[in-house]
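Dear colleague,

Please find below the structure I promised to hand over, together with its sequence. My notes on what was found in it follow.

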Amino acid sequence: MTSESTVLGTGTGTGPGDREHGSATGPAVPGPVPGAPPPRWRFPHPRRRDALPIVLLMAIVMLSGVLLMRHNMTFSRTDELEHFDYVTSLVDRHMIPRKGDLYTQQAIRAQACYRYQITSAPLPACDAPVLDPHDFGNSGVTSAGGYPPVYYTATTLVAVPLQALFGFNSLYVPARLASLLWLALGSVATYLLVRSLRAGRWTACAVALVATLGPYMMSQGTTVNPDSLSLLAGSGTALAWLHWRGDPRLRAVLGLGFTLAVVALVKPNFMAVPVAVVTAELALTLESGRRGLLRRRTWSLGAPFGRVLMSGALGAGLGALWMLAFMVLDRPGLTVNPATEKMGARPWSTDLALRWTPGSYSPLGGDPFFVHVLDHGILIWFMSLVNLLVVAGAVGAALLSRRRQVTAWQVGSAGAAAVEPGRAVGYLAAASLLWAAPMMYAIMAAGHRFIPYPNRYSLFIVPLGLAALAGFAGRARLRWFLPLAGVAVLSYWWYLGVR
Amino acid sequence: MSERSERTDRPGVGTSGRSGDGDRHRIRLAWLLLAALALAGLLACALLARHVIKVPHGYPRSAAAAPAAPSPAGAPAR
């Protein structure tokens, strides 16, 4: 924990970062101090004064998750059986599921007992002596074969000790708790990201709560589902990029590349993240006016864009390599079942790609497959409002003029390497929302799917959009997140029975 | 001006700054405390979940008690 002025980078001790809401008489964000060294972005290591907001944040998120699970343990429509089967396959069969594998007994036993969100689907009784996988969805065959292992391995590593320690009947509840842990950590990462953009600690806490406590995000965070890592993937990537992008050392290139590879290996739709990072870096490079797109130096490893491009290629390359290897090596030519065959049969369709791609413009929109306990007007309203704020943050950052960016923080004679972090995060959000996620949707939707991709595949944009908003909204306006977070907590807990 | 000097002389993103050994230890301690907090939260949630989440009637006590699989692992369907 460094000192306040060091971490916040004001260098003078009089900057806005040292005060929660600015002075009562003066402006919330004072102008640059003449002659003082310009402020710098610092990695937001947690400090002593962050302890209380972080403890509160984790407590609210984790308690809310357990409360939701108390009301809803039925298997989610978001392919939870497939994802849980992957976890049990790692434990029971000591292997990742392959194309054509049947569900494990542990997975179908859990679904037979906890039942399925779609109540019309007939399921065997919980105490049936023997369960036949063919009596379950997708004709008993997993469709998660070949999925990258990051989420499932991490979840297994948490769930297995939990089951041993607390004696759960199966890995189902522990695996859901692991998802909740990823969500809570994502919430803390969002807090740190917003905090690094010089928001006060309670406003940063409010922004993180607003990002997390919506019914959409909580639904993902309380089911066995790689999308529970969306919050952590979005915020973590932004922090890693801001931390390493200006560092010319090889280890920085590899560090960012490794981070992007881990994110890309969470789920195929997360391949959009490295693409967004490279796009945002390119936008910043071109905007600086010092390096044109066609100049050799722009692409060299000596320039920030060249290095970030290398990191992005490393991350996206490893993700693509995993998927390609499975497509080629995993029982090629095997006929699995009519449903999955249908997924691979349809040829490219530009029309469908254009119809379905806008789903990514609205990360919290579409049909979230809510369980009944979350299906209430105020929660839907809240979710729509947050969706609007996310889009406003991302699009606003893309539309704002350069002149608008010259704030007290950017300061004076900043060169090409000097970028206001709020603007950088804004560009990352904009690149994600307007380019990378739609592109992934278009490729995946038009290539091989017979149903539209769900909006939740771009949930990683939520923390980026809100952080972008925090980057240019100003501290006074950011305080509106405090009552919004209050509404989120109270309405959410009201419907979960805390009255 | 090289990229390195740009990084150290100019304001901007990616400038982590330098901190002394004492600061490094405190930063490490802060992250350790955060990890401990996450672990404590997880254990508390597991304890709570053990009490508030109902186990369906007829659910075997453990996965080991469940009947054997009707087909070998990894077998292609049909």
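Please bear in mind throughout that the model is predicted.

This serine belongs to helix α18 of chain A, which covers residues 421-448. Setting aside residues up to four places away in sequence, A:S432 touches A:A272, A:A276, A:A437, A:I461 and A:L464. A:T155 lies 277 residues from A:S432 along the chain, and the C-alpha atoms of the two are separated by 26 Å.

**The nonpolar core**

The largest nonpolar core comprises 159 residues. Within this core, A:V207, A:V210 and A:L428 touch the most other members. The greatest contribution comes from helix α6 of chain A (residues 172-196), which supplies 17 residues.

Which residues surround A:V207, apart from its neighbours within four places in sequence? They are A:T190, A:V194, A:A199, A:L466, A:A470 and A:F481.

**The packing of α7 and α19**

Two helices of chain A, α7 (residues 201-212) and α19 (residues 461-473), have axes that come within 10 Å and cross at roughly 150°. The pair is therefore roughly antiparallel, as angles over 145 degrees are counted in that way. The crossing of α7(A) and α19(A) is right-handed. On the α7(A) side, A:V207, A:V210 and A:A211 take part, and they meet A:V462, A:P463, A:L466 and A:A470 of α19(A).

**A mostly covered helix**

Helix α3 of chain A runs over residues 80-93. From the first C-alpha to the last, its 14 residues reach 19 Å, close to the expected 20 Å at 1.5 Å a residue. How many of the 14 residues of α3(A) are buried? Eleven are, and the helix is thus described as mostly covered. Just after α3(A), A:H94 adopts a positive phi of about 55°.

**Chain B**

Chain B has two helices and zero strands. Of the 78 residues in chain B, 24% are buried.

With kind regards

Key
Residues numbered from 1 in each chain as written. Chains lettered and ligands numbered in written order. Predicted model: local features only at pLDDT ≥ 70, side-chain atom pairs only at ≥ 80, totals over all residues. Core = buried A, V, L, I, M, F, W, Y, C linked by C-beta atoms within 7 Å. Buried ≥ 20, exposed ≤ 12 C-beta atoms within 10 Å, placed from the backbone. Helix = DSSP H or I, 4+ residues; strand = E, 2+ residues; numbered from the N terminus. Contact = placed C-beta atoms within 7 Å. Expected span 1.5 Å × (residues − 1). Axes fitted to C-alpha atoms, helices over the stretch in contact; angles between N-to-C directions. Parallel < 35°, antiparallel > 145°, perpendicular 65-115°, else oblique. Left-handed = near helix turned anticlockwise from the far one by under 90°.
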